[in-house]
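Have a look at the sequence and the model, then read on.

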Amino acid sequence: MKKTSLLFLLILLGCLPILSKDYKLLSPDGNIQILISVGDDISYNVMYNNLWLFDKCDIQMDVNDRKWGEEPQVIRVKRQSVDDMMSPLFPLKQSTVQNKYNQLQLQLKGGYDVEFRAFNNGIAYRFLSTQKDSLCVKNENLHITFPESYLLHLQQAGSFKTAYEEPYDHVMSDKWETSKSAVAMLPLLIDTQKGCKILMSESDLKDYPALFFQSDGNNGMVSTFPKVPLEWTPDGDRSVRITKEGNYIAATHGDRSFPWRYFVICDNDAELIENTMTYQLAGSNQLKETDWIKPGLTSWEWWNGAIPYGPDVNFVSGCNLETYKYFIDFASRYNVPYILMDEGWAKSTRDPFTPNPDVDLHELISYGKEKNVGIILWLTWLTVENNFDLFETFEEWGVKGVKIDFMDRSDQWMVNFYERVAKEAAKHHLFVDFHGSFKPSGLEYMYPNVLSYEGVRGMEQMGGCHPDNSLYLPFIRNAVGPMDYTPGAMISMQPEVYQSNRPNSASMGTRAYQLALYIVFESGIQMMADNPTLYYRNEDCTHFISEVPQIWDETIALEAEAGEYVVVAKRKGAKWYIGAITNNKQQQRNFVVNLDFLDEGKEYKMTSFEDGINANRQAMDYRKKEATVKAGDQLTLRLARNGGFAAVIE
């Protein structure tokens, strides 16, 4: 009788669902808690200051006809705590970064692990594989459900073919509707509307597609990925039309880690600007020699139409030798290290080996060398792929860098293209600026010759580039890595009177706003997008722009509200810079800035550019001022609508 009862009990237990096992992981300061549940599946939730941020986050990978995360069995649990200092080669925020976190790694039956990290300002997780055989990843699932309606700030594209330049949408999570083809890209910002915001992105992305999201139709969002392209046909000089896709998202080797999915969590928007999560989770530097990589400013002709004019221009402007020499002379005068030659430098877009005879590239490279000005060349990605030996040729010519454009995809093949380009360009001492590109996801730290990415609704969009949209960039897009926004306009207009056509390109926002962008926005290669003629006519502004660094030792966000305003102080060596920008919603915003970040007992000279009294209507109105300041002083900043403030303290 006892044996029968025991047998019945064992059968009954076998029919019950697997009992879940919970694992808790705390941030070093104890304010963030990750609760991981392993039962029928793997899920986690996150608590921040006693607020549960999600209902549930389910994670799973469909690999080689098996589902990692379905009826998982934990073999081993490993915990560790890390507290070390990191020093990025080209710091955009801080020259020294504290990397402090607690880690939990679950080894699971079937040859895979799941790893979680809890930082004081966020959390991250990733899958790892320990299998010897190759992997076919059919899908990766991240399903996030919210406990109540959250406000989502995100970019949405009509398909996976996107240059990441869409304006931000602002939608409530329970009202978010997407079609089957519409996808939201990373990074995205989640506002719980309970004093907490969450920035989501990914890092250490390699040999794998980028992550997108769609609404689940029930107050949540679910991951989605572009499939692997198998066949394509050229679609003009700049893109291809994919004619056949696989039924999987990645084919890759078995012993590897997968991308980190991370969440920066904060109750002060300033922490979004200061965060360095992409860097902390990125792969290590793969280059042995890096002394040749020089971040800096570049003059650029495309935005202004390559048409300098005036009494000193005694030649027909355009895509020709005389015009580019004029750009080189301008760059040399202001110690700008590069000029960028956009489309037209080559005789044909498809042929990178035959320069346009009207331009005489070799003469320009030689002339630039005499003037200490290097040449950057624009190319389409398709031209690069079809002529991958161009990097060797460009090095022989003396080219310093390349701007590669129109990728407009982030499937596994294209992600690998980025890495192949970065590696081959580094081999031949060329830096890279990716345009028509997805967001930074760690490649720029593995290959620090990758100085910037576009993937932003910047000034190339002309009338589509509004301060109301750009005020989200420091908190979302630029918060995850370098951003080639192409600032520098000397013709400024308020939105209601805006009109712009090259060669008389203009920007929305005041002149002080435009100068402040060089301090607020971060990029290893920063554009001076306007005409040398206008820079000469605005010499005080030009001197200021040309002296703003591109890499920084320290960044402090003084005032910040996503989409509304930003005030930052940044230090390079002994100099401090202050940059402030705001949107169109108020006629004037006032800020009081304490200069307690300055050294005690020392007087400084401050040169500032401020919105003029009429800047609300005439955006060109600004005032340049000089003052003596010291630690403990307070500055009152008065920003017009779409206005700014820019200063150097030395």
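## The chain as a whole

In the chain, 70% of the contacts with a separation of 6 or more are between residues 24 or more positions apart, where contact means heavy atoms within 4.5 Å. Please keep in mind that this is a predicted model, in which local features need pLDDT of at least 70 and side-chain atom pairs count only at pLDDT 80 or more, while totals for chains, interfaces and linings use all residues. Residues are numbered from 1 along each chain as its sequence is written, and side-chain values use heavy atoms, with hydrogens and water left out.

The chain holds 13 helices and 41 strands; these are DSSP runs, numbered from the N terminus, with at least four residues for helices (H or I) and at least two for strands (E). Its radius of gyration is 26 Å, which agrees with the value near 26 Å for a compact globule of 650 residues. That radius is taken over C-alpha atoms, and the globule rule is 2.2 Å times the number of residues to the power 0.38. Along the principal axes, the C-alpha atoms fill a box of roughly 110 × 60 × 45 Å.

Strand β28 (residues 401-405) is largely enclosed by the rest of the structure, because 5 of its 5 residues are buried. In a regular strand, side chains alternate between the two faces of the sheet. Here Gly401, Lys403 and Asp405 point one way, while Val402 and Ile404 point the other way.

| Partner of β28 | Bridges | Direction |
|---|---|---|
| β27 (residues 374-380) | 5 bridges | parallel |
| β29 (residues 431-434) | 4 bridges | parallel |

Lys403 takes part on both sides: Trp378 has Lys403 as its bridge partner in β28, and Lys403 stands opposite Asp433 in β29.

## Around Cys266

Cys266 belongs to strand β22 (residues 260-266) and is buried, with a relative accessible area of 1%. Which residues does Cys266 contact, leaving aside its neighbours within four places in sequence? They are Tyr48, Gly195, Cys196, Lys197, Glu271 and Leu272. Gly195 is 71 residues from Cys266 along the chain, yet their C-alpha atoms are separated by 8.4 Å.

Terms used: Buried < 20%, exposed > 50% of the residue type's maximum accessible area, 1.4 Å probe, protein only. Pairing = 2+ DSSP bridges.
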